[in-house]
Amino acid sequence: MPTKINDLNKFFGDFQALKDINLTTEEGEFIAILGPSGCGKTTLLRLLAGFTSPTDGEIYMDDVLVGNNKNSVPPEKRNLNMVFQSFALWPHMNVGDHIKFALQHHRHMKRLSGAALDERIDEVLSIVGLEAFKNRLPGDLSGGQKQRVSLARAIAPKPKLLLMDEPLSNLDAELRIEMRREIQNIHNITEASIIYVTHDQGEALAMADRIIVMNEGRIEQIGRPEEIYSNPATPFVATFVGKANLFKGEWKDDGFQPENTDLIWHNSNISEDFMKAGIYPLRPEQISLAKSEGGMLKGTVMTKQFQGKEYHYSVDVNGQTVIVHLPLRENYEIGEIVSIEPNPN
Ligand code: ATP
């Protein structure tokens with residue numbers, strides 16, 4: 001379902017949780033809202049759901065005004081459903097009955113009964129791979145299976161928009177990766193739009209069509225995962241997504257001069273925000289080390305971690321800790337003095 005948010009602000013008393021939010025999403029789009037704890041992700045999702053109203057600004061869904069500071073269409077009258085971090089299942093109700101209950105209490109699905117009702121229950125259970133678990137109680141399911149039940153329950157009434165608030169954060173690391181595929185599959189089959197809140201950059205990069213990166217109540221950048229990763233608009237995005245090291249210095253006509261050096265690092269693809277802040281971002285894999293040479297930026301290897309395909313080093317550069325990832329054949333020892341420069345690739 002296409003949504004549009006215009007100049008939205010949200011205050012709790014004197015505290016401004018959301019600042020000047022503008023956003024347009026397309027039919028069927030998978031949007032991830034990514035940001036650190038407290039940046040306003042859940043508040044934005046709750047406004048979209050209709051649990052709370054904006055202090056000012058408007059929210060449109062399917063071109064219809066659903067929320068401003070005077071009127072708010074209640075959640076059950078918006079064509080959407082939510083999936084939460086906690087699975088919110090009833091202990092005494094089996095899997096099939098959870099889906100049945102969701103259908104029987106839905107505005108548009110109430111009239112479904114008999115064979116049609118059973119058919120829809122089986123259909124959604126097969127989408128999430130739980131056909132064989134229809135008669136199980138939640139207590140006899142694994143964490144991943146419980147989250148599948150809550151996904152099935154959310155998609156059962158065929159909402160046009162699914163709002164998901166950190167749905168995978170109660171699952172262990174391996175299962176979280178498996179469930180990413182599950183959610184992509186649900187997105188493909190149902191064709192519903194998804195707005196997915198997470199603080200996990202891996203989830204956002206892996207699943208979303210577009211990512212909204214938020215910080216302190218503001219949108220820092222909106223873009224496709226590839227854009228956000230390769231062309232971060234602000235120093236915050238560069239560090240939050242991809243853990244860039246931020247080097248201080250001065251941008252000149254021919255490139256960047258790191259502090260306390262007369263070197264020039266070239267980069268033709270850097271946004272205004274970095275120029276103004278005098279910052280050059282380099283991800284751990286974008287840095288080369290070499291045996292120390294005169295005239296280069298120097299550092300001391302502080303830690304070295306074996307990570308299977310590569311070593312992860314931390315290097316002290318004039319008091320700044322710089323993280324560098326290198327293939328195993330590039331081997332340095334703790335205490336070694338090294339030269340640091342942007343990797344030419
Ligand atoms: P997390 O990832 O930790 O859930 P979040 O990005 O979802 O964080 P929100 O829950 O949206 O953050 O909260 C944003 C800010 O608004 C926080 O500082 C929070 O304390 C504040 N806040 C949220 N709800 C209320 C409320 N009802 N009253 C007062 N302050 C609130």
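Here is a walk through this predicted model, from its domains to its sheets and the ligand shell. Residues are numbered from 1 along each chain as its sequence is written. As this is a prediction, local features need pLDDT of at least 70 and side-chain atom pairs count only at pLDDT 80 or more, while totals for chains, interfaces and linings use all residues.

Let's start with the overall layout. The protein chain splits into domain 1 (3-229) and domain 2 (243-342), with bounds that come from an automatic or database domain assignment. Taken over C-alpha atoms, the centres of these two domains are 40 Å apart. The unreviewed UniProt entry puts the feature "domain: ABC transporter" at residues 3-241; UniProt positions are given in the numbering used here, feature names are shortened, and annotations may be inferred rather than shown by experiment. That span is 35% helix and 26% strand, and its end C-alpha atoms lie 25 Å apart. Helices (H or I, at least four residues) and strands (E, at least two) are DSSP runs, numbered from the N terminus.

Four strands make an open, antiparallel sheet in the order β2-β1-β4-β5, where two strands count as paired if DSSP finds at least two bridges between them. The edges belong to β2 and β5 (64-67), each with a single partner strand, so one side of each has no neighbour in the sheet. From one strand to the next, the twist averages 30 degrees; axes here are lines fitted to C-alpha atoms, for helices over the stretch in contact, and angles run from 0 to 180 degrees between N-to-C directions. Zoom in on β4 (residues 56-61) and you find three antiparallel bridges to β5, with Y60 standing opposite L65 in β5. Helix α1 lies across β1 (3-12), β2, β4 and β5, and runs at about 60 degrees to β2. Contact between two residues means C-beta atoms, placed from the backbone, within 7 Å.

Now for the ligand. Around it sit F12, F15, A17, G35, S37, G38, C39, G40, K41, T42, T43 and H199, where near means that a residue's C-beta atom, placed from the backbone, lies within 6 Å. The elements giving two or more residues to this shell are β2 (15-25) and α1 (41-49), and α1 gives the most, with three. By class, the shell has four nonpolar, seven polar and one charged residues. For that tally, Ala, Val, Leu, Ile, Met, Phe, Trp, Tyr, Cys and Pro are nonpolar, Asp, Glu, Lys and Arg are charged, and the others, Gly among them, are polar.

There is some strand pairing to follow through β9 as well. Strand β3 (residues 30-34) runs parallel to β9, joined by four bridges, and I31 stands opposite R210 in β9. Strand β9 (residues 210-215) also pairs with β10 (residues 218-223), this time in the antiparallel sense over five bridges. I212 faces I222 in β10, and M214 stands opposite I219. The two strands form a hairpin with two residues between them, and E216 in the turn has a positive phi of about 50 degrees.

Finally, five strands form another open sheet, ordered β14-β18-β15-β16-β17 with antiparallel pairing. At its edges are β14 (287-291) and β17 (320-327), each with a single partner strand, so one side of each is left without a neighbour. The twist here averages 45 degrees from one strand to the next. Five antiparallel bridges link β14 to β18 (residues 337-342), and S288 stands opposite E341 in β18.
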